[in-house]
Amino acid sequence: MSASVPASDTAASVGVDSSVDVAGEGPGDAPAAEVDAVETDEGPETVRRALTRLCLATRTVKPVGELIRFVVGPDGLVVPDIAARLPGRGAWVTARRGAVVEAMKRKAFGRAFRGKGRADPALPELVGHLLEKDALGALALANKAGQVVTGNMKVIDALTGGKVAVLVHARDAAPDGAGKLDGLARRIVEAGGRKIARIDAFPGVQLDLALGRANVVHAALLAHPTSAGFLARVRRLEGWYAD
């Protein structure tokens, strides 16, 4: 993960003068329009061009991949924009549950949206739910692309064939069964095979629904862009609960 840097050091990357006081406090307060330019983007069309944004909680500038975008919904509530595509100005917070909680404690959303954004107490739970839904949607996409195999023997065949990029176990899988597959994967990697990521973030029932199959306990995702997309989303989900 890239190291965070003070917002003033990279203010140019978000389109503002580096002399702006990003905290918006004290006798040197910047005009409201300049503070808005730091704390919020101008809409989803600008997100694609930005490499970094200011985190409302930590007050540091970070790569957008380490952040979650939030917008104000029609009812005035702050809404997580997991895909960074929703219309309107957006504010960004580090993709950690603790960071969003801290932003809420500081009333940072209200400041960023100039009093127009109200953060519901259940906002952290909503973000976690949406991140989980996003990851499972990516798993379903990989399955639709034909890059997922399930069942113990098929997973073993895929592993020994050197095709597996991600090994998935249901959270409620028996330890001995998962351990045997993990051991095989480890031996393959040690023998010079491709790196194999291990995931056990979801219970079997969620894997069943995502893959459209019954009783999924073990699965393997083959090396493919859709598998990489799934892995990135799972790592984001795991990071959310890391605090």
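**Aromatic pairs in a predicted model**

Both Phe-202 and Phe-230 are buried. They belong to a predicted model that holds two aromatic pairs. The mean pLDDT of the chain is 86, and 85% of the residues score at least 70.

**Confidence**

- Residues 1-36 have a pLDDT below 50.
- Where pLDDT is low, the predicted coordinates should not be read in detail.

**Phe-70 and Phe-109**

- The structure has two aromatic pairs, and one of them joins Phe-70 and Phe-109, with ring centres 5.1 Å apart.
- The planes of Phe-70 and Phe-109 stand at 65°, so this pair is edge-to-face, the cut-off for that class being over 60 degrees.
- Phe-70 sits in strand β4 (residues 67-72) and Phe-109 in helix α4 (residues 108-112); the pair therefore ties together parts that lie 39 residues apart in sequence.
- Phe-70 has a relative accessible area of 0% and is buried.
- Phe-109 also counts as buried, at 1% relative accessibility.

**Phe-202 and Phe-230**

- The ring centres of Phe-202 and Phe-230 are 6.5 Å apart, and their planes are at 35°, so the pair is tilted.
- Phe-202 lies in the loop between β9 (197-199) and α8 (204-211), while Phe-230 belongs to helix α9 (residues 225-240).
- This pair links distant parts of the chain, its two residues being 28 residues apart.

Conventions. Residues are numbered from 1 along each chain as its sequence is written. This is a predicted model: local features need pLDDT of at least 70, side-chain atom pairs count only at pLDDT 80 or more; totals for chains, interfaces and linings use all residues. Side-chain values use heavy atoms; hydrogens and water are left out. pLDDT is the predictor's confidence in each residue, from 0 to 100. Contact means heavy atoms within 4.5 Å. Rings of Phe, Tyr and Trp (its six-membered ring) pair if their centres lie within 6.5 Å; planes under 30 degrees apart count as stacked, over 60 as edge-to-face and the rest as tilted. Helices (H or I, at least four residues) and strands (E, at least two) are DSSP runs, numbered from the N terminus. Buried means under 20% relative accessible area, exposed over 50%, partly exposed in between (1.4 Å probe, protein chains only).
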